[in-house]
Amino acid sequence: MSRGQAAPLLHDFIPWTVTMMTRACPPSLDPTDTRHRCRLALLRCLSRVITLEEPVKPHLADICTVFMECLTKDNEECALLALHAIIDLQKTYRQSVEPMVPAFLDFVISLLDRFEQIAVEPRVDGRLCPSGASLKIVLECPVIVVLIFQLHRRFINDYIGKFVPVVMRALAVNIPVPTDFMYPASINPQDLQNAAKTTHCDYLSAKIKILSFFAYISRGFIAAVRQSANDIPGIVMELLKETPCEIPSARKELLVAIRHILSTEIRVCFVPFLGAFLDERLLLGDGWTCQVFFRPLAYSLLADLIHHVRLEL
């Protein structure tokens with residue numbers, strides 16, 4: 001179907017979809033609920049038609065409203081679809097969707113501000129997680145914020161100062177792997193252990209994403225993070241110790257984020273920790289994948305650090 005042929009269909013389909021999503025089909029946390037399945041189907045359809053551009057432009061305001069409501073008020077599964085659609089909207093329509101940017105950035109700030117509460121909330125009851133309490137949503141958001149700052153630079157000065165405090169509070173959160181559970185006896189203990197491990201890995205991955213966002217801020221807006229610089233080496237050390245071998249992609253992203261941070265003046269704060277950086281097991285962890293594939297990255301990171309702080313040694 002060409003875009004010209006799609007226009008009459010979308011003229012009726014998009015308003016009907018918006019009505020269904022905002023009025024007739026409320027969110028549900030039950031994965032088997034017909035309403036939830038209906039919302040998923042409608043979101044998938046809507047996320048595909050937004051790429052048709054011209055026929056969609058008259059309906060952009062309503063589409064943005066639907067995706068933002070899904071992101072803020074729906075469950076994790078629908079919110080993830082909405083997040084990916086928001087990325088497409090930003091890339092495709094840029095100026096036309098600029099009015100939704102402040103609402104999205106405010107939502108991300110509220111997520112980071114509640115990061116500790118989100119990370120400790122139990123999730124072993126067979127129900128979907130609310131979008132506002134989802135580690136997976138937290139994990140996705142920092143990259144989208146960077147994209148938005150690149151596309152809408154006029155918002156940077158207004159929001160960098162708001163992001164730095166909540167980013168530092170989120171990075172300061174330190175949650176050990178849970179060992180004690182208060183759940184009904186009917187739940188399989190192995191399921192509890194697996195769920196706890198998965199949640200903790202999501203927590204660490206989200207925290208590393210937040211550190212990557214801090215690295216982005218530090219490279220372009222060092223004045224905004226200068227007061228927080230002394231806290232970063234301790235946070236980095238904890239993440240290096242805690243990141244398990246089961247998520248090698250997270251360790252790789254952690255090493256890349258550290259390298260970006262070390263390219264700024266914050267590197268002088270790492271001088272007292274240089275001895276710890278010389279421990280290969282700390283940098284690479286115990287996993288075979290990390291030991292084999294990330295060794296060049298880790299050693300080049302270490303070489304850059306020593307080169308830049310050699311006068312401080």
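This report looks at a helix pair and a cavity in a predicted model.

## How H3 and H4 pack

Let's start with two helices, H3 (residues 60-73) and H4 (residues 76-93). Their axes come within 8 Å of each other, crossing at roughly 145 degrees. As for handedness, the H3 and H4 crossing is left-handed.

Who touches whom? On the H3 side, the contact is made by Leu60, Ile63, Cys64, Phe67, Met68, Cys70 and Leu71. Across from them, H4 brings in Ala79, Ala82, Leu83, Ala85, Ile86, Leu89 and Tyr93. Sort the residues of this H3 with H4 contact by class and you get 14 nonpolar, no polar and no charged.

## The cavity

Now for the empty space. Rolling a probe the size of a water molecule over the atoms shows where such space is left. Here, the structure holds one cavity of 30 Å³ or more, and the volume of the largest cavity is about 50 Å³.

## What lines it

The lining of the largest cavity is made up of Val108, Leu111, Leu112, Val138, Cys141, Pro142, Val145, Phe163 and Phe213. By class, that lining comes out as nine nonpolar residues, with no polar and no charged ones.

Which helices each supply at least two residues of the lining? Those are H5 (101-113) and H7 (135-151). H7 gives the largest share of the largest cavity's lining, at four residues.

Note on methods. Residues numbered from 1 in each chain as written. Predicted model: local features only at pLDDT ≥ 70, side-chain atom pairs only at ≥ 80, totals over all residues. Heavy atoms only, no water. Axes fitted to C-alpha atoms, helices over the stretch in contact; angles between N-to-C directions. Left-handed = near helix turned anticlockwise from the far one by under 90°. Contact = heavy atoms within 4.5 Å. Nonpolar A, V, L, I, M, F, W, Y, C, P; charged D, E, K, R; others polar. 1 Å grid on protein atoms, 1.4 Å probe; cavity = no way out; pocket = protein on both sides within 12 Å on 5 of 7 lines; lining within 4 Å. Points joined across faces, edges and corners; volume = space filled by probe spheres on them.
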